[in-house]
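We will go from stop to stop, picking residues and looking at what surrounds them.

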Amino acid sequence: MPLLDFLDPQAVLPALRVGSKKQALQELATHASKLTGLPESAIYEALLQRERLGSTGIGEGLAIPHGKLSGLTRIFGLIARLEKPIDFEALDGQQVDVLFLLLAPEGAGADHLKALARVARVLREPGLIERVRATKDAAALYAIMTELPKAA
């Protein structure tokens, strides 16, 4: 099984240009809407509601904006590497340059939390985030996020 089996090859933005957290969330909602068929406004509102509870910036330049949506049939992931870091009100105060959007069906319950934990674990794999930051190629970024680590 791939590391992140809910990430589709089309759900990779290797050089997203945004200037603010709100603009980043809007762009993520726009792209997610095209891939899921759900209304952009519903996705954006779900992300905003979650951010109001506290920033999804988890530190070290990473953020995992997420939300639950009715009408979604499976967990959906999208990764975006920003051209320039932005203030995301992250827990450690650092600017964010890698975003992983995670959307789950409204009734996902524990599966949503398991997916969130898996994304956080993958993003914290030694050397992985440096590889993400070093590529501007969508196919390479997808491969980095979905390949199983080589056995030592």
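Predicted model: local features only at pLDDT ≥ 70, side-chain atom pairs only at ≥ 80, totals over all residues.

Residues are numbered from 1 along each chain as its sequence is written, and side-chain values use heavy atoms, with hydrogens and water left out.

**Stop 1: the core**

Select Ile79, Leu99, Phe100, Leu103, Leu123, Val132 and Met145, which touch the most other members of the largest nonpolar core, a set of 53 residues. Such a core joins buried Ala, Val, Leu, Ile, Met, Phe, Trp, Tyr and Cys residues through side-chain atoms within 4.5 Å. Buried means under 20% relative accessible area, exposed over 50%, and partly exposed in between, with a 1.4 Å probe and protein chains only. Now colour strand β6, residues 96-105: with eight residues, this strand gives the most to the core. Helices (H or I, at least four residues) and strands (E, at least two) are DSSP runs, numbered from the N terminus.

Which residues does Leu103 contact, leaving aside its neighbours within four places in sequence? Show Ala32, Ile43, Leu47, Gly67, Leu69, Leu72, Arg74, Ile75 and Phe76 to see them. Contact here means heavy atoms within 4.5 Å.

**Stop 2: helix α5**

Select residues 138-146, helix α5, where Leu141, Ile144, Met145 and Thr146 are buried. These buried residues pack against β1 (7-16), β5 (76-86), β6, α3 (110-123) and α4 (128-134).

Next, draw a C-alpha to C-alpha distance from Ala139 to Arg121; the two are 21 Å apart in space and 18 residues apart in sequence. Arg121 sits in helix α3 and is exposed, at 53% relative accessible area.

**Stop 3: two crossing helices**

Show α1 (residues 21-36) and α2 (residues 40-53), whose axes come within 8 Å and cross at roughly 140°. That angle makes α1 oblique to α2. Axes are lines fitted to C-alpha atoms, for helices over the stretch in contact, and angles run from 0 to 180 degrees between N-to-C directions. Angles under 35 degrees count as roughly parallel, over 145 as roughly antiparallel, 65 to 115 as roughly perpendicular and the rest as oblique. To see the contact, pick residues including Leu25, Ala29 and Ala32 of α1, and Ile43, Leu47 and Leu48 of α2.

While you are in α2, find Arg52, which is exposed with a relative accessible area of 57%. Its side chain makes a polar contact with the side chain of Glu45, at 3.4 Å. A polar contact is a pair of N or O atoms within 3.5 Å; within protein, one must be able to donate a hydrogen and the other to accept it, and residues adjacent in sequence count only if both atoms are side-chain atoms.

**Stop 4: the loops**

Is Ser55 buried or exposed? Ser55 is buried, at 16% relative accessible area, in the loop between α2 and β2 (57-59). Its side chain reaches the backbone oxygen of Phe88 at 2.6 Å, and a polar atom of that side chain lies 2.9 Å from the backbone nitrogen of Gly57.

Then centre on Glu89, in the loop between β5 and β6. Phi of Glu89 is near 55°, a positive value in a residue other than glycine. Glu89 counts as exposed, at 53% relative accessibility. Finish at Glu60, in the loop between β2 and β3 (62-63), where phi is also near 55°.
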